[in-house]
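Here's a quick briefing to read alongside the model on your screen. Have the viewer open and follow along.

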Amino acid sequence: MRNRLVLLFLAVLAGVAVVAGASARPTATPPLTIYAGASLTEAFKTLDPAQNYSFGGSNALETQIRNGAPVDVFASAAPLNTQRLFSAGLVEKPVTFTANRLALIVPKSNPAGIQSVYDLRSKPVKLVVAAPAVPVGGYTLTVLRKMGLSSVLGKIVSRESDVKAVTGKVALGQADAGFVYVTDARAVSDQVTVVRIPAWAQPRVRYEVAVVTRSTNKVAARAWIKVLLGTKGQTALRNAGFLPIPKSTS
Amino acid sequence: MTVRDETERAAPARERRRIDRRRFLIASAGGLAVAGVHAPAASAATDDDLAYGNFGLAAEFLASDYYARALQGAKLDAAVRPALRRGRAVAGLHARTFSEMLAGAGDAPAASEDFTFEWPSGTFATAARTRSTGLVMLRAMLGAYQGASVGASAQYRTLFASVAASTAQQIGSLAPTAGAIEPFPVALDLEAASAALESFLG
């Protein structure tokens with residue numbers, strides 16, 4: 001009888017321990033669904049691999065959010081996309097979280113012999129760019145206009161849906177040159193050579209992030225943005241080649 | 001009253017009018033100098049016009065930063081300091097002019113905050129380094145403006161020529177009073193001028 005009582009006591013004790021152990025474990029929060037510009041792929045995956053990401057052209061992602069996609073956070077490569085959604089009441093007030101610069105990339109073999117952006121004007125080149133509605137495509141047009149090189153638009157052989165597609169085509173040698181972000185060039189630095197674009201011709205590339213209004217997990221979404229804006233997030237972005245939050249975010 | 005009397009009486013009036021006209025011209029010239037060279041309406045700015053304008057805007061922001069640091073460094077003779085202050089003011093004026101030009105053409109002009117100016121270590125540590133760095137910068141700018149005064153469309157040539165003249169004045173103020181003779185200014189295309197300033201413009 002006494003042995004039975006001891007066994008019962010131990011069983012109850014073990015049960016209490018199991019319950020206590022379970023309640024002490026951190027509550028598993030469901031991963032956030034984050035839509036982000038393709039150029040943020042490496043940086044975001046490094047910063048927080050636990051979330052569900054969908055990377056692509058910010059314009060396409062904006063359209064998906066408009067169409068009701070279940071998203072918690074939207075990080076865009078251009079303020080235009082987030083601001084339009086904000087005006088429509090589809091995201092909370094966006095904040096700038098980083099900046100970037102453009103570069104011209106050529107394959108390592110450099111078949112067209114491009115040493116300077118100005119060579120695009122004088123040499124026969126197969127140029128690949130992103131479509132004008134894609135942020136990097138719009139920025140490319142700005143660079144060419146600022147440098148007085150709009151004439152090279154006639155050398156475009158392909159307009160891609162996002163910056164990764166441009167990078168891929170150049171890296172694979174399917175084009176002689178392409179305009180991408182410095183951060184994307186860095187990600188394939190073993191396959192491409194970077195041709196610098198002068199500072200005076202650089203567009204103002206600003207990234208914005210916002211909580212999507214329809215999100216069912218706004219508290220976690222806001223917390224995630226806080227991390228992105230904090231030291232951890234900014235360090236991950238800097239390590240990927242992004243620029244710090246600009247003083248002037250206008 | 002004789003004709004001679006009338007002539008004699010009219011002479012002071014003519015003199016007064018001459019003096020007034022001279023004063024007016026001087027005042028007008030002064031006014032223009034204060035107001036700066038205004039960019040003409042840029043309804044039909046070409047690609048090259050905009051490229052020169054964008055380069056000029058960044059270069060003038062750079063020059064403004066240079067003058068501020070040179071003043072702060074205080075290594076140049078006290079006699080040069082007024083020229084540095086004038087240089088800073090003129091750079092601001094030029095920047096405003098290029099900004100107006102670009103905005104008039106429908107572009108979003110850059111702001112000074114868009115640039116990270118990078119000066120080699122020790123640039124402002126001695127008078128000689130301060131002076132030589134300033135001259136490298138200003139000569140590249142002058143070369144670009146000279147190129148622009150030929151390469152830009154007719155409506156902007158006077159603007160770029162005026163800015164070139166003003167930049168040459170700054171070079172004169174900064175150049176050492178003794179020593180090597182200032183080289184004959186060479187017109188540069190944008191690629192060459194841009195390469196010359198690349199290390200400073202980040």
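Predicted model: local features only at pLDDT ≥ 70, side-chain atom pairs only at ≥ 80, totals over all residues.

Residues are numbered from 1 along each chain as its sequence is written, while chains are lettered from A and ligands numbered from 1 in the order in which they are written. Helices (H or I, at least four residues) and strands (E, at least two) are DSSP runs, numbered from the N terminus.

**The core**
- The largest nonpolar core has 118 residues; such a core is a set of buried Ala, Val, Leu, Ile, Met, Phe, Trp, Tyr and Cys residues joined through C-beta atoms within 7 Å.
- "Buried" means 20 or more other C-beta atoms within 10 Å of a residue's own, "exposed" means 12 or fewer, and "partly exposed" is in between, with C-beta atoms placed from the backbone.
- A:V73, A:F74, A:A177, B:A58 and B:L62 have the most contacts inside this core.
- Helix 2 (residues 47-73) of chain B supplies the largest share of this core, 13 residues.
- Leaving out residues up to four places away in sequence, B:L62 touches B:F117, B:M137, B:L197, B:F200 and B:L201 (contact: C-beta atoms, placed from the backbone, within 7 Å).

**Where the chains meet**
- 16 residues of chain B are in contact with 15 residues of chain A.
- On the chain B side, helix 2 and helix 6 (190-201) are the elements giving two or more residues.
- Helix 2 of chain B gives the most to that side, with seven residues.

**An exposed loop residue**
- B:A74 sits in the loop between helix 2 and helix 3 (81-104) of chain B.
- B:A74 counts as exposed because it has 12 C-beta neighbours inside 10 Å.
- C-alpha to C-alpha, B:A74 and B:Y52 are 32 Å apart in space, and they are 22 residues apart in sequence.

**The chain A sheet**
- Five strands form an open sheet in chain A, in the order 2-1-3-10-4 with mixed pairing (strands pair if DSSP finds at least two bridges between them).
- Strand 2 (52-56) and strand 4 (95-100) of chain A are the edge strands, each pairing on one side only.
- Strand 3 (residues 73-76) and strand 10 (residues 205-211) of chain A pair in the antiparallel sense over four bridges.
- A:S76 stands opposite A:E208 in strand 10 of chain A.

Terms used
Contact = placed C-beta atoms within 7 Å.
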